[in-house]
Amino acid sequence: MAPVEAPCLASRWKLPTRWLRVCTMPLIWFLLVAAMLAAYVVLDGFDLGVGVLHLFVARTKEERRVLVRTIGPVWDGNEVWLLAGGGTLYFAFPLLYASGFSGFYLPLMIVLWLLILRGLGIELAGHVDSPVWRGICNGCFGIGSTLLAVFYGAALGNVIRGVPLQPDRYFFLPLWTDFNVGPAPGILDWYTVISGIVALVALTLHGANYAALKTEGDLNVRVRRAASTLWLALVALTVISLAATLLIRPDMLDNYKQLPALFVIPAIVAAALIGTRLMSRKGDERGAFICSCAYLAFMLVGAAAALYPNLLTSTTDQALNITVNNARSGDYALTVGLAWWTIGVALATGYFVFVYKMFRGKMSATTEEHEGY
Amino acid sequence: MDDALLMHRIHFGFTVTFHYLFPQLTMGLSLLIVILKTLYLRTDNPVYNRAARFWAKMFGINFAMGVVTGIPMEFQFGTNWSRFSQATGGVIGQPLAMEGVFSFFLESAFLGLFLHGERRLGRVGHWWAAFAVFAGSWLSGFFVVVTDAWMQHPIAFERTAEGLFQITSFWGLLTNPWALIQYSHTMCGAVITGSFVMTAIGAYYLLEDKFLEDGRAFLRTGVVVGVIACIVQILPTGDLHGRYMAFHQPAATAAMEGLFRTEYGAPMVLLGQPDPETQRIDNPVVANKVLSFLIYGVPTAQVKGLNEFPKSDWPTSIPLLFFSYHIMAGLGTLFIAVMGLAAFLLWRGVLYRTRWMLWILMLCLPLPYIANTAGWLTAETGRQPWLVYGLMRVQDGYSKYVHAGNSLFTLLGFMGLYSVLAVLFLFLAHRLITHGPGGGALPGVTLETPNAVA
C-alpha cells in the first residue's frame, strides 16, 4: 500500500510520527527562517540606523568617522544574515521565494543597488583623503541606509497587507498605483508608507542606542538627545501602525484570539519600548540597546505569529494564500536540512565567539587602532 | 524566443559573468596565500610574508567586489527565474542555503582576522586564519558548482505530481560525479588565474626595475604553482570533463566541436566558423580522427553529430558555444606552453633575466580571465535549451510576470552600477600595485573597517 500522505516522498526516512513530519517540520522551518531574518533586522538594523544618524548628528568629519567606525568591524558580518536567511528561505519554502522575489521584483532590485552603494560608501570613505570623495561616500552610506530602512519596513507592510496572488500563486506589484489599500495595490500605499516610516524611525533609534553605547563626549550627548526625540516619534508611530494594521487586516488578531498566550508578544514589545526610554534616562546604554533589540525582534515575532501558517496572503482570494504547507520543500529535504543547519549555525556561533574574544575590548572609536572587533 | 526570455537570459548572463571576474582570482589567490604563508613558516624568509600581505590586500579588494556582485546572484534565482526556483528549490535550495550557512559565516568571521589580525594571532595563528579564508572561499565555490552540476546532470531527485523536483539523496547530490569533475576543473582554473596574475605583477616589477626581491618571489611561486595547475587543468580534469560531457550531453559536445553529422573517425576542428544554416564549418582547419580518439581512445570510433538530435534540442547559440569552447581550449593549451617555458627558465636559473619571457608573462594577465569566462560560457550555453538538462526548458523557467521592460530596466541599472564598480576596482588595484609590497598602509588610506565587505 502506498502511504496516504502525498508530501512524504522519501519514505525510507522514518520519523517518529506522522504528526512530527507533516505538522512540525514546516513550523520548525518557519521559526528558523523567521529567526534568521529577525537576527538580520536586529543586527544590520543598527548599522542602518547609524547610517541615517550620521547624516544629521555628526557635525565634523571626525565625528562622522567615529560613527562609521562603530559599525566598521561588524556591519558586513551582520549582512551575512540576510544572505544566509534568504538562502534558507529558498531552501525551506521555494514557492514563497519564487513568488515573493519575482512579485517584489522592482523593490528588491532597488534594495540590491542600495546594499551595494551602502557597502561601497562604508568601505571606501577612508581610501582617499578628499572632501569630495568623502562626501560621495558618506552620501551613499547615509542615503543608502535611509532608503533601505524605509524599503524593509514597506516590505513587511506588504507582507501583512497581502498581495494580489493570481491562481498560479504568482503576482507582480508596481512600485505604486493610487496609494490606496485595495485589491490591486502598489508596493507603496498609505499603509506600507507608514510601515516604512515606522521602520526608519525604529532603526534610527536602534542605531542611536548602539552609537550611544560606542561613543563618548559631545557626540554621545547629541546621539542621546536624538534618541529621546526618536523615541517619542516611535511611540506615536507604533500606535498608529498597529491601529492601521487592525483597520486593514482585522484577521491579524485571529491567531491571538485562538491562543491568548500570544498576547505576551505585544506586551514584550510595549515593555521593551518603555524600557528603552527608562534605561537611557538612567544612563544604562547597554540596557537601552538591549531593549531596542527586543523591540525590533518581538515586533517581527508578533507579525510572524499573526501570519502563521500564511507566508503571503492574497488580497483577492484567501484560498490562494501561500502557506507553510503549500510552499514547503519535501520531508526528506527539510529533515536532512535540519541536521546540517544545526551544525552550520553552531559552527558559525563558534567562529564569532572566537573572533569577538580575540578582539574583545580593543575596539575603541577614538583610538587610531587599525585592528578591530 | 520572446523578448522577456531574452532579457532575463542577458540579465543573468551579464551579472554572473561580471561577478565571476572576482571570485576566480580570490579563490586562486586564497590558495596561493596559504602557500606563501607556509613558505614563510618553513623558510623564515620575510619576503614570503611580505608577499602574503601584499596579496592579502589584493584579495581584500577583489573579495569586496565579489561579494557586492554576488549578492544579486542569490536574489536573481527568485526575481528573474521564479518558476525554475519553485520547481527546483527542493533540490538546489539545499546547496545554496548551505553556502550561506557554511561558507559565508566562515569567510566573514575570519577575513577581518586574517587581514588585520596578524600581530594578535602570531605566525601560526595567522596561517590558520589564512587557511580558514581559503576553506571558506573554496567551500563557497563547491556549493555553487554542485548547484550548476545538478542543472547540467540532474541526479538524486524525484518529481512530485505537480512536476516539482525533490531531493532523495543528500550525499548523492553532493557527490554528483559531474560536480566533482566540474569542481576540480573550475578550481584549477581559478588557481591558473591566481598564478598568472601573480607572475604578471612580478614580471611587471622586474621590468620596471622596482620591488625586485618581491617580484622574484611572486614569479617563482606563481610559476611553480601555475605550471602544475595548467597541466592538471587539461589532464586529468579537462579531459575527464570533456568525455563525461560527450557521454551525457552529446548534443552539446557535437555543437562545441562543430560536428553537424555523425562520423566515424571524427576530426577535431581547430579553427573555423560554424554556420548553423548550411550546417558546415567555413575555413576549417581540422585534425583528422582526433575527436574520436579524445572521446573514446579509438581513432575510428563513432561520434554523434547534431543530425542525431531534433533541432529543438540543439543548443540555442551554436556559434557562441563553438567559439567559447575553442577559446577556452586554445588558451588552456597556450597556458601550458607559457608556464612550461617559464618553469624551464626558472629551473635553469635565468627566468629573472630573460626579459622577453617577463614581457610575455606580464602581457598574459588578461588571458586566464578570458579562458575562465569562456569555460563557463561553454558549460552554460552547452546546457541550452535546458535549465535542468533534458527535463526543464529555459522558456519554462523565467518569471512570467516580470515583463521585458522591467527586466531591461534593472539590467541597465546593473550595467551602470557595475561600470562604476569596474572603474573603482581598477583605481584601487592600480594604487595597490603602484604602491607595491612592503611598507604600511597606502598613503592617505585610513582603514575605516578592518575587514572588507564580507
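# Helix packing and chain contact in a two-chain model

In chain B, helix α8(B) meets α11(B) through B:R220, B:V223, B:V224, B:G226, B:V227, B:C230, B:I231, B:Q233, B:I234 and B:G238 on the α8(B) side, and through B:G332, B:F335, B:I336, B:M339, B:G340, B:A342, B:A343 and B:L346 on the α11(B) side. By class, the residues of this contact are 12 nonpolar, 5 polar and 1 charged. The model is predicted.

**Helix α8 of chain B**

- Helix α8(B) covers residues 212-248, and its partner α11(B) covers residues 318-347.
- The two helices pack with their axes 9 Å apart, at an angle of about 140 degrees.
- The crossing of α8(B) over α11(B) is left-handed.

**Contact between chains A and B**

- On the chain B side 60 residues are in contact, and on the chain A side 62.
- Four elements of chain B each give two or more residues to the side that touches chain A: α3 (46-80), α4, β2 (165-167) and α14 (404-435).
- Of the elements of chain B, α4(B) gives the most to this side, with 24 residues.
- The residues on the side of chain B that touches chain A comprise 28 nonpolar, 25 polar and 7 charged.
- Helix α4(B), residues 82-116, passes helix α3(A), residues 75-92, with the two axes coming within 6 Å and crossing at roughly 160 degrees.
- Because angles over 145 degrees count as roughly antiparallel, α3(A) is roughly antiparallel to α4(B).
- This crossing of α3(A) and α4(B) is left-handed.
- The contact of α3(A) with α4(B) consists of 11 nonpolar, 9 polar and 2 charged residues.

**Helices α8 and α10 of chain A**

- In chain A, helix α8(A) (residues 217-248) packs with helix α10(A) (residues 264-282) at an angle of about 160 degrees, and their axes are 11 Å apart.
- α8(A) and α10(A) are therefore roughly antiparallel.
- Their crossing is left-handed.
- A:R224, A:A227, A:W231, A:V235 and A:T238 of α8(A) make the contact with A:L273, A:T276, A:R277 and A:S280 of α10(A).
- The contact of α8(A) with α10(A) comprises 4 nonpolar, 3 polar and 2 charged residues.

**Backbone features in loops**

- Most residues other than glycine have a negative phi, and most peptide bonds are trans.
- A:R169 is not a glycine, yet its phi is positive, at about 70 degrees.
- A:R169 lies in the loop between α6 (131-161) and α7 (190-214) of chain A.
- The peptide bond from A:Y308 to A:P309 is cis, with omega near 0 degrees.
- The loop that holds A:P309 runs between α11 (285-307) and β1 (310-312) of chain A.
- In chain B, the bond joining B:Q384 and B:P385 is a cis peptide bond, with omega about 0 degrees.
- B:P385 is found in the loop between α13 (367-383) and β7 (386-388) of chain B.

How values were computed
Residues numbered from 1 in each chain as written. Chains lettered and ligands numbered in written order. Predicted model: local features only at pLDDT ≥ 70, side-chain atom pairs only at ≥ 80, totals over all residues. Axes fitted to C-alpha atoms, helices over the stretch in contact; angles between N-to-C directions. Parallel < 35°, antiparallel > 145°, perpendicular 65-115°, else oblique. Left-handed = near helix turned anticlockwise from the far one by under 90°. Nonpolar A, V, L, I, M, F, W, Y, C, P; charged D, E, K, R; others polar. Contact = placed C-beta atoms within 7 Å.
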